[in-house]
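Good morning, colleagues. Please look at the structure on the screen while I take you through a selection of its features.

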Amino acid sequence: MPQFTHSIARIAVWNLAGFQFRNFNDPNWVPKPMSEERTARQAEGLALLDAELVTLVEVNPLDHIQRLADVLLAEYGVQYHVSILKQPDADLNIGFLHKPGVDVSDIAFIPGSNGAYQNGRQAIKAQVRIGKFKAIIVGVHLKSGRDKGDQNIRDSQCKVIGDYLTHVRETPGLGHHTLMLMGDFNMIPGQDVSNFHHLGGEDVMDFVSCWDLQDRYSHILDAGRANLLDGFAVSRTWSGDYIRGSLRLFPMHWTMTRNGEPGMGREKFKEEVSDHLPFVASVRIF
């Protein structure tokens, strides 16, 4: 395995805003490829993010993640491998971009993690090793919506995922791995209390995004407001490789350029790149 010249690695998560309105009356409907312009802008953002592993949410179509990897290599000389599974009942997929030297294995869906959400997205899990860092990473894209019924559906999803995390923590051979949970929670800290309660398992997870980012936002709304729908959590025990306080909202809308000028602003970023901003955290690999 290639040797890193760094003592830490960066792990990120980003929602690519791949939602497309589906025509359920058309049996031949297929998602449209993302435009070359938007693909190029997302690749630029990923090059600036420069994380060793990125969990990507709302990958749609499925091959969009490979298109991003191809542009990253061609335009920025950055090589990423792709690991992804096609969602069995949904169009919006979750996948991983990872640099050479990052070992990603045992990729699978968590059975039943779509809960009571018909045609919902299942959570995806993978074993990850970077140097001496070993983790089970779970990527999620939970049911959206602010109504009580939506929260109840998220409860059904969170219970399954929380039970899985509890099971992993109690499994010999895996119990000493760091557990990392990340993705589009579609949950707001302080509001969706039952969702967080179930998602954390038997007091297994520490939702660091709730306190590290309590004055921040990740989801950009049409009305100009923003909130913290995305989430990032690490296990409360055996998570010493996570560098405490390292989780940050990556200000991609400030780092990117537009018309040759630095910074493109929140509204233009939503229009041209994504309606979500990434999180990035650091872990020890020595």
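Ala135 has Thr178 as its bridge partner in strand S8. The model is a predicted one, in which local features need pLDDT of at least 70, side-chain atom pairs count only at pLDDT 80 or more, and totals for chains, interfaces and linings use all residues. Residues are numbered from 1 along each chain as its sequence is written, and side-chain values use heavy atoms, with hydrogens and water left out.

The bridge I began with belongs to the pairing of S7 with S8 (residues 178-184), which is parallel and extends over seven bridges. Strands here are DSSP runs of E with at least two residues, helices are runs of H or I with at least four, and both are numbered from the N terminus. Two strands pair if DSSP finds at least two bridges between them.

Ile130 is bridged to Phe133 of S7. The two strands form a hairpin with two residues between them, and Gly131 in the turn has a positive phi of about 60°. Strand S7 itself, residues 133-141, is mostly covered, with eight of its nine residues buried. Buried means under 20% relative accessible area, exposed over 50%, and partly exposed in between, for a 1.4 Å probe and protein chains only.

Let us turn to the open sheet. Six strands form it in the order S3-S4-S2-S1-S16-S13, with mixed pairing. At its edges are strand S3 (81-84) and strand S13 (248-249), each of which pairs on one side only. Within the sheet, strand S2 (residues 53-59) runs antiparallel to strand S4 (residues 93-98), and six bridges join them. Val59 has Asn93 of S4 as its bridge partner.

Next, helix H1. This helix covers residues 36-49, has 14 residues and reaches 20 Å from its first C-alpha to its last, close to the expected 20 Å. The expected span is 1.5 Å times one less than the number of residues. Ten of the 14 residues of H1 are buried, among them Arg38, Gln42 and Leu46. Asp50 follows H1 and has a positive phi, near 50°.

How many aromatic pairs does a search of the whole structure find? It finds three. Rings of Phe, Tyr and Trp (its six-membered ring) pair if their centres lie within 6.5 Å; planes under 30 degrees apart count as stacked, over 60 as edge-to-face and the rest as tilted. Phe19 and Phe21 are edge-to-face, at 5.0 Å centre to centre and 80° between the planes. Phe21 is exposed, because its relative accessible area is 74%. Phe196 and Phe207 are also edge-to-face, because their centres are 5.1 Å apart and their planes lie at 90°. Phe196 is buried at 13% relative accessible area, and Phe207 is buried at 11%.

Finally, the nonpolar cores. The largest has 59 residues, of which Leu56 and Phe232 touch the most other members. Apart from it lies another core of 21 residues, including Tyr164 and Leu181. Such a core is a set of buried Ala, Val, Leu, Ile, Met, Phe, Trp, Tyr and Cys residues joined through side-chain atoms within 4.5 Å.
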